[in-house]
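Open the model in your viewer and keep the selection tool at hand. This tour goes stop by stop, telling you what to pick and what is there.

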Amino acid sequence: MQKLSNPSLLLLRNEEELHGEKVLVINHSDDGFLPELTKINSTSQVYAFSYNFADHLAASKHQHVTSFVGHSLPSIDDLDLVIYYYPKSKPEANMMLSNIRANLGKATRLLVVGANKGGVKSVEKQLKPYAQASYKLDSAKHCILYEFNELTEEQHFDIADYHQTFSVEVADQNFAAVSVPGVFNHGKLDIGTELLLNHLSIPQKGNVLDFGCGAGLIATYMLNERPNLSLYCLDVSALALYASEQTLKMNGHTGHFILSDGLGQVTEKFDAIVSNPPFHTGLDTDYSIAETFLANAKHMMKKGANLQIVANSFLKYPPIMEQHFKHFKTETKNTKFAVYHAQNS
């Protein structure tokens, strides 16, 4: 059995609060909470929503859960209960709370749960102007569970209201980009991607994959240089794909957008794969994600195709890359990041 997260454990110890005919769970993780919730609500309709494709796939496997993934909530009438796992990003929470209020019925109860260190206490201030009644239901395991009732409904939610446009200056280019809350390095060019773009070899033609595309900065840079490329933007986050699409459009480009956990949804073969891959690490370094990506990337590459990635320089990527590619080199390295280049023989 999967190990329940602390916020899920806190929810389940308040089982009497989790009943409803129509229940929507937002920003869940794959920790076993959803099947427990369906046991509590055995005759009810349980829905799940995530921006994250991997969490959506996991939720879809549960027989009694209807799962959705996207950049905005689906329209579900007459919801009795919404359960929201508070995210680490406060701007993302602001956006989702507005989206929730645009989907509420008059009698919908909202439960918000999260870790203290994740900033869940902010929700009190965020929802105070909109809630007729609010309660701190419980706290344990460094988490808090809140309930909000009789929330003022938002007339309309449009994610375009949350666009942040910013300027990207890198190498010999200057272009505009669009981001939305919850996207990696929201609103700015991160130093890893900057280093990668300053040392990027762009193919003359063919299919190129931007793996972990974020707000589409790498894809836009490449298309500005070579407009005839066929660019594929891939991310596990529906918010990132949405932002990438807006950034490309703003710069007069089109692309293909793939919502995928790793390379699972990819069917093309590529002339190049470029990435600032989303497996930066905390205290415990986990190379399994990197190894899976690099092993699978090879099978998605045409003969002679190039793979270029940037990663934290302290991570032991060279031996992993050498294991999968005969032709491999470190393009550049500083105290924080390294750019690696490999070729499929």
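**Stop 1: a loop and a strand**

Select Lys 141, which is found in the loop between β6 (131–140) and β7 (143–151). Bear in mind that this is a predicted model. What is the phi of Lys 141? The value is near 50 degrees, positive in a residue other than glycine. Most residues other than glycine have a negative phi.

Now move to Glu 150. Glu 150 lies in strand β7. Its phi is positive too, at about 50 degrees, although Glu 150 is not a glycine.

**Stop 2: the two domains**

Colour the chain by domain. The domain assignment gives domain 1 as 6–159 and domain 2 as 163–344. Their centres, taken over C-alpha atoms, are separated by 32 Å. How many residues does each domain bring to the contact? Domain 1 gives 12 residues and domain 2 gives 13 residues.

**Stop 3: the face of domain 1**

The size of an interface is often given as the accessible area lost when the parts come together. Between domain 1 and domain 2, the buried area is about 1100 Å². Carbon and sulfur atoms give 75% of that area.

Select Tyr 51, Phe 53 and Ile 159. In domain 1, these three lose the most area to domain 2. Together they make up 47% of what that side buries.

Which kinds of polar link cross between the domains? The count of salt bridges between domain 1 and domain 2 is 0. There are 2 residue pairs in polar contact between domain 1 and domain 2, with both residues at pLDDT 80 or more.

Next, highlight α3 (53–60) and α4 (90–101). These are the elements that give two or more residues to the side of domain 1 that touches domain 2. α4 gives the most to that side, with 3 residues. Sort that side of domain 1 by class and you get 7 nonpolar, 4 polar and 1 charged residues.

**Stop 4: a salt bridge**

The model has 7 salt bridges by count. For one of them, select Glu 17 and Arg 109. Their closest N and O atoms are 3.0 Å apart.

Terms used:
Residues are numbered from 1 along each chain as its sequence is written. This is a predicted model: local features need pLDDT of at least 70, side-chain atom pairs count only at pLDDT 80 or more; totals for chains, interfaces and linings use all residues. Side-chain values use heavy atoms; hydrogens and water are left out. Domain bounds come from an automatic or database domain assignment. Contact means heavy atoms within 4.5 Å. Buried area is the accessible area (1.4 Å probe) that two parts lose on being put together, summed over both. A salt bridge is a side-chain nitrogen of Lys or Arg within 4 Å of a carboxyl oxygen of Asp or Glu. A polar contact is a pair of N or O atoms within 3.5 Å; within protein, one must be able to donate a hydrogen and the other to accept it, and residues adjacent in sequence count only if both atoms are side-chain atoms. Helices (H or I, at least four residues) and strands (E, at least two) are DSSP runs, numbered from the N terminus. Ala, Val, Leu, Ile, Met, Phe, Trp, Tyr, Cys and Pro count as nonpolar, Asp, Glu, Lys and Arg as charged, and the others, Gly among them, as polar.
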